[in-house]
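Please read the following report alongside the sequence and the coordinates shown here.

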Amino acid sequence: MTEAVLSIGSNLGDRLARLQSAVDGFGTAVREVSGVYESEAWGGVDQGRFLNAVLIVEDPAVDKHGWLHRAQDLEQAADRVRGERWGPRTLDVDVISCREQPGGAELFSRDDGLTLPHPLAHLRAFVMVPWLAVEPEAQLTVAGRQCAVAGLLDELEPADRTSLRLTDLVLQR
């Protein structure tokens, strides 16, 4: 069995419907769904605001590459175009972290298509804030050391944290 932390985001079209399509696409594997947050785009490209959430998923039949393939299939179904790096997206699904089982050992990958844990997650409030909302004791390996996600969030610039806003929008599990 594997458990994964997934970050989902959208800033094109019906953003909430795009996020809901990801929740629906992972189906019964979804164990936790965070609230929906709105954030400025990350990466320096001028574009509209994102809606973001985090999912905790688990499935005995899915390995770390399986989560990536399912994420990419959902992005493709949402007509995701991979053009400009950090550009606008109909749907973005990132595998942030993966464990052998709930509470188990963190899995690592340096494959061409999959880097685990996600190499930039610790720099993104739009990942860490929703993750902490559903898993307050979350841990992430950064630069070879296990870190509390809450501590990583505290290391971000205040402006990065305050640019994120919890909305009244809800994703249905």
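The report below begins with the basis of the values and then turns to strands, a helix and the cores.

## Basis of the values

This is a predicted model, in which local features need pLDDT of at least 70 and side-chain atom pairs count only at pLDDT 80 or more, whereas totals for chains, interfaces and linings use all residues. Residues are numbered from 1 along each chain as its sequence is written, and side-chain values use heavy atoms, with hydrogens and water left out.

Helices (H or I, at least four residues) and strands (E, at least two) are taken as DSSP runs, numbered from the N terminus. Nine of the ten residues of strand 4 (residues 50-59) are buried, so this strand is largely enclosed by the rest of the structure; buried here means under 20% relative accessible area, with exposed over 50% and partly exposed in between, for a 1.4 Å probe and protein chains only.

Two strands are said to pair if DSSP finds at least two bridges between them. Strand 1 (residues 2-10) pairs with strand 4 in the antiparallel sense over nine bridges, and Thr2 stands opposite Asp59 of strand 4. Strand 2 (residues 30-33) also runs antiparallel to strand 4, joined to it by three bridges, with Val33 partnered by Leu55. Strand 3 (residues 37-39) is likewise antiparallel to strand 4 and has three bridges to it, Ser39 being the bridge partner of Phe50.

## The hairpin of strands 8 and 9

Four bridges connect strand 8 (residues 139-142) with strand 9 (residues 145-148) in an antiparallel arrangement, and Val142 has Arg145 as its bridge partner. These two strands form a hairpin with two residues between them, and in the turn Ala143 has a positive phi of about 55 degrees.

A nonpolar core is a set of buried Ala, Val, Leu, Ile, Met, Phe, Trp, Tyr and Cys residues joined through side-chain atoms within 4.5 Å. The largest has 29 residues, of which Ile8, Phe26, Leu55, Val57, Trp67 and Leu171 touch the most other members. The elements giving two or more residues to this core are strand 1, helix 1 (15-26), strand 2, strand 4, helix 2 (64-77) and strand 5 (92-99). Another core, of 22 residues, lies apart from it and includes Phe126, Met128, Leu132 and Leu164.

Helix 3 (residues 125-134) is mostly covered, with eight of its ten residues buried; among these are Phe126, Met128, Trp131 and Leu132.
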